[in-house]
Amino acid sequence: MSSSWNSVGLEVLYQVIGWIAFAAWSFSFYPQVVLNYRRKSVVGLNFDFLVLNLTKHSSYLIYNAALFFSPIIQKQYHEKFGDKEMIPVAANDVAFSIHAVTLTAFTLSQVLIYERGNQKVSKVCISITAVVWIAAIVCLIVAWPKSNWLWLIDVFNSIQVLMTAIKYIPQAVMNFQRKSTIGWSIGNILLDLTGGVLNFGQMGVQSVDQHTLVNFYGNIGKTLLSLEVVFFDVIFIIQHYVLYPVRRDENGKAIISERVAPLVRPLEKPEEDSV
């Protein structure tokens, strides 16, 4: 028999935390979109981050949707971890993934229509993305004959963990080189951090109810995702508020002072600060 909640109160708390995390992570995409629109520019937003992020969220959507909706994959999960273990993917996880893919693709579309200076997607990023999706197709071919679908979606889960681990690096390096976070929304980071902490808390609530830590290592992708998000968001917060605080003129406008010319074209007028 499949597992169920032992405590109604913890089940309600689990759902509440999950949907708050969904709201925080979902809204985290909008400050950057709004900032790009207001500035009519994507200068300061790293394009490698966007491409890697789209790969990450697409992989996470495949994992979440497959495990949440497929009875066959759920059966394979219970055969591996036990019938009493709950499926470690909630409806809010699926909803978030769909929304994330949509908003990331929309942000990429802004790159095509707004001022972007000399910025472009690096060859390294293109190579990584190509290798990842070719590997995913190979794994699909390997899994198909024996219907190893749980193994296959674990591959996609591993991809999203890998992408999360590396996607922030180009933006952090770019901020360091420019000695500025202008063009990179701090609102995005604060909401992202909130979602990461709540996501981890949601898994903790389920563990308390089930008296087991299986959901942490049974869905290692979700666990590592939360830890990686918190780690990098703290770095960005330090960059924005401590290392490279925004200087303003007497009218409250951000004063731009680029220190690495090749990254962006010089701007002739002050830009609006991060949303």
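A crossing of two helices is called left-handed if the near helix is turned anticlockwise from the far one by less than a right angle, and right-handed if clockwise. By that rule, α1 and α8 cross in a left-handed way. Keep in mind that this is a predicted model, where local features need pLDDT of at least 70, side-chain atom pairs count only at pLDDT 80 or more, and totals for chains, interfaces and linings use all residues. Residues are numbered from 1 along each chain as its sequence is written, and side-chain values use heavy atoms, with hydrogens and water left out.

Let's stay with that pair. Helix α1 (residues 8-27) packs on helix α8 (residues 186-210) at about 160 degrees, their axes 8 Å apart. Helices here are DSSP runs of H or I, at least four residues, numbered from the N terminus; axes are lines fitted to C-alpha atoms over the stretch in contact, and angles run from 0 to 180 degrees between N-to-C directions. So α1 and α8 are roughly antiparallel (an angle over 145 degrees).

Now look at helix α2 (residues 30-39). Its buried residues (under 20% relative accessible area, 1.4 Å probe, protein chains only) are Pro31, Gln32, Val33, Leu35, Asn36 and Arg39. They pack against α1, α5 (91-113) and α8, with contact meaning heavy atoms within 4.5 Å. Just after α2, lysine 40 has a positive phi of about 55 degrees.

Further along, helix α6 (residues 123-143) and helix α7 (residues 149-178) pack at about 170 degrees, axes 9 Å apart, which makes them roughly antiparallel. Among the residues meeting there are Trp133 and Leu140 in α6, and Trp151 and Phe156 in α7.

Conventions: Helices (H or I, at least four residues) and strands (E, at least two) are DSSP runs, numbered from the N terminus. Angles under 35 degrees count as roughly parallel, over 145 as roughly antiparallel, 65 to 115 as roughly perpendicular and the rest as oblique. Buried means under 20% relative accessible area, exposed over 50%, partly exposed in between (1.4 Å probe, protein chains only).
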